[in-house]
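Hi everyone, thanks for making time this morning.

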Amino acid sequence: MHQHKKHTKLKNSLFVFGGIGIVFISLFIIWISTLEIPDFKSFTERKVANSTKIYDNTGKVLLYDLHKDIKRTVIKSEEIGINIKNAAVAIEDSDFYNHNGIRLRSIARALWTRFLGGKVQGGSTITQQLIKNTLLTQEKTITRKLKEWVLALKIERVLSKEEILTLYLNEAPYGGTIYGIEEGSKTFFNKSPLELSLAEAAYLAAIPNSPTYYSPYGKNKAKLDNRKDVVLRRMFELGFITKTDYEKAKSEVVIFQPQKPSNIQAPHFVFFVKDYLEKKYGADVLESGGLNVITTLNYELQKKTELIVAEKAKENEKTADGKNAAVVVIDSNTGSILAMVGSRDYFDKNIDGNFNVVTALRQPGSSFKPFIYAEAFNKGYTADTVLFDVKTEFSTACDERGNPKKGNNRSECYNPDNYDDAFRGPMSLRNALAQSINVIAVKLLYLVGVQDSIKLAHEMGVTSLNDANRYGLSLVIGGGEVSLLDMTSAYSVFATEGVRHPYKSIISIKNNQGTEIESIQNESFKVLPENTTRIISDILSDNQARTPTFGANSSLVIPGVDVAVKTGTTNNNKDAWMIGYTPNVAVGAWVGNNDNKPMKKGGAALAGPIWNAVMVEAIKNYPTSGFNKPESVDKNLPPILRGFWRGGETFTIDSVSKKLATIYTPENNKEEISLTNVHTILYWIDKENPLGGVPSNPYKDSLYNHFEYGVQNWWKQNSYKYPYITKTNIPTSYDPIHTENNKPKLVFLNINENTIYDKNIKQTINIGSLGNIPIQKIDVFINNIYTTSLKTSPFNFSVTPGNLNSIDGKNTIRVIGYDIYGNSGEVSINYNTN
């Protein structure tokens, strides 16, 4: 029944489409007869295109004008050469020599797509592309498409195929201000078209489809290489070249000319924006749509950042063989890219300067660790949780000693070292993250899970780690590839206390009529709990905690500024990272070599000075502010998560009497002690549910023995340093000092609640104590506002009520007394004034 309805509906649609087709063909024939053939001169003089202009965030500094100083040289057919002609035909229009200007199948597909409500696109012949590039607007409508088809038929009647192909190649766009095969050949290879090799011709045929995306100077060089191979394959399939020619050209190493300086500011950022515009609006609109683009770039900060990167990268090259560097600055609260420097010099061919390292995928080293720690804090671990920094085997293919099990190879074992090849024993997560300890980080990733960690990183903005199955525990020390832009944007989530602001480069775009077609939007959303981000920020800004690794006066410190920062270094010092943030701005810096040549130093030494100098400039645009402190650790959490690594069972005593604490024991006097029972954390918690209590069978965890082996070895060697606490050490009586009877009993000696006091006369107020234990201090509050503290007997203070902002006719004086053992008691009295 359903099949019958579907067939009936299809037949009806075809009937309607057929009727439309007949009408169209009739109108088509009439139209052909009425349209005039363009003069040949129309094709040799490019139509005036509306230039797209890209500005900074003020709209006053022109970063780039796409059509300023256009380069275009018209040459004759015989000056072009057969290779580029065949390459263009092979990739753009393989039926070029057989059709009469249009392909009926493409027309039918376009009409059917339009009939179904879609957009008319694709399938243009070389003749149609010539019409589009020279005579018509770039709008994508059925009317313009009809004109294109009609004119293509007309032109084929007055021009030869050779003339059409010559005109097309003289119009081909190669990016920016470069038009035509002559300028393309000179720009990229410093050759005339006749001198091009087959491979070079294939490259030039590959670019015009999307000049910005396929630019040999951009980030998609690999995509251009692939498209070049497609061109060569099509040439072989069409019989333009032999198998031998194909193989030789495919393997040819083609060297592009260095990119020459042009009238452009912030080139890496500009081409980043151009790439965005081309993907969203199409190459036609970008090239001739007359867009007016206001970007997020802070031009002054950009110029300062470029100078810092250039100067310090040259120093790094001299001292540590680190030739290149990149920096990105992002406003944490909006996601706006304020500065982007993709290399130390965009026009330096020796370092592949035009390659934008800010958007490139590189291994981040330890700068990835905060995402794993954030996931841990989400799941209930705390900054005080202790893990053991000991030699640990993490692969189940090997035993706990690091030896391969039967049938396995040593290469399957995984027991990472720390940056200094030392092990430190029990460490809090605070110290482990601050000091960038690898073993602790890998253990933590095992506890919280690779998949959950990648999911969180993705939600925060790291978009390149799409297949969690590809990564193992080495992910936490830089095993995956990420971009500096993504990482810096993701760190901004810590700065904003969990709110994700996707990075953005555009404030507004207007078309050539002045109509705004795009404007900056608030696309923020919550991805992390506030307290998790506060813990991370508190650790990454804790200079005391990181001092054992970096020293007290490292490049991670900006005096007087609350700044959180993390370093990263990959194997053999191939990449040096530093990413940090204040509550307002995030800065990411990278140092390395594009050819992956190792350097002599790592993250803090090389990326640190660059990061520090740029951050100092960036924070000048914001008011000084600090991070909010995290909440106190919940005392209801399991002891092992609160830092009690010597055992998961505890008791609490009063530090004065050494007896068991009671509800009257002040918090400051309580001392929690664990019974000595040292094990791996897996003994005390189930990693799938760390808040769920002690597991009944912890040994079932596949890495339990591996974790436990290192812990027990360390304990055997170090247990003598710690007291051994058993149940016999638990007191049998309770704190006798902090009791209800021992609380201070305070009285007002000279205040009468029924008396009305003159607010303009100074009053001395005396306080007495009826308790047995000497008073150490009394705090005074008037109308719940702290007024003073009394620390010596006799306890009295003077006040002129009229001088107090909070005073009223009816007032309350409250005093809290503390004795020498920490007991506290309070009393209040009404204090009436006129």
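Let's begin with strand β18, residues 585–592: eight of its eight residues are buried, so the strand is largely enclosed by the rest of the structure. Buried here means under 20% relative accessible area, exposed means over 50%, and partly exposed is in between, with a 1.4 Å probe and protein chains only. Strands are DSSP runs of E with at least two residues, helices are runs of H or I with at least four, and both are numbered from the N terminus.

Two notes on where this comes from. The model is predicted, so local features need pLDDT of at least 70 and side-chain atom pairs count only at pLDDT 80 or more, while totals for chains, interfaces and linings use all residues. Residues are numbered from 1 along each chain as its sequence is written, and side-chain values use heavy atoms, with hydrogens and water left out.

Back to β18. Which residues point one way from this strand, and which the other way? Val585, Val587, Ala589 and Val591 point one way, Ala586, Gly588, Trp590 and Gly592 point the other, and all are buried.

Now for the neighbours of β18. Two strands pair if DSSP finds at least two bridges between them. Strand β6, residues 324–331, pairs with β18 in the antiparallel sense over eight bridges, and there you can find Ala325 opposite Val591. Strand β17, residues 575–581, also runs antiparallel to β18, joined by seven bridges. Look for Asp575, which stands opposite Gly592. β17 and β18 form a hairpin, with three residues between them.

Next, a helix. Please find α15, residues 369–378: nine of its ten residues are buried, so this helix is largely enclosed by the rest of the structure. Among the buried ones are Phe371, Ile372, Tyr373 and Phe377, and the list also includes Lys369 and Glu375. What do the buried residues of α15 pack against? Counting contact as heavy atoms within 4.5 Å, they pack against α16 (429–434), α17 (438–448), α18 (450–460), α19 (484–495), α20 (530–540) and β16 (564–569). After α15 comes Gly380, whose phi is positive, near 115°.

On to the cysteines. A disulfide is a pair of cysteine sulfur atoms within 2.5 Å, and by that rule the count comes to one. It joins Cys398 to Cys413, with 1.9 Å from S to S. The pair links distant parts of the chain, 15 residues apart, with both Cys398 and Cys413 in the loop between β9 (386–389) and β10 (425–428). The torsion about the S-S bond of Cys398 and Cys413 is about -95°, so the disulfide is left-handed. Are these two cysteines buried or exposed? Cys398 counts as buried, because its relative accessibility is 0%, and Cys413 is buried at 15%.

Now the aromatic rings. A pair of aromatic rings is described by the distance of the centres and the angle of the planes. Rings of Phe, Tyr and Trp (its six-membered ring) pair if their centres lie within 6.5 Å; planes under 30 degrees apart count as stacked, over 60 as edge-to-face and the rest as tilted. How many aromatic pairs does that give? The count comes to 35. Take Phe781 and Tyr786: their ring centres are 5.8 Å apart and their planes at 70°, so this pair is edge-to-face. Phe781 is buried at 16% relative accessible area, whereas Tyr786 is partly exposed at 46%. Elsewhere, ring pairs link Tyr174, Phe188, Phe189, Tyr203, Tyr217 and Phe256 into a cluster.

Some rings also have a charge over them, which requires NZ of Lys or CZ of Arg within 6 Å of the ring centre and within 35 degrees of the ring normal. Lys161 lies over the face of Phe96, at 4.6 Å from the ring centre, and Lys443 lies over Phe707 at 5.1 Å.

An open sheet of three strands has the order β21-β23-β26, with antiparallel pairing. Its edge strands are β21 (746–748) and β26 (795–799), each pairing on one side only. Five bridges join β23, residues 763–769, to β26, and Ile767 stands opposite Phe795. Finally, β1 (53–55) runs parallel to β5 (292–295) over three bridges, while β5 and β13 (506–510) run antiparallel, joined by four.
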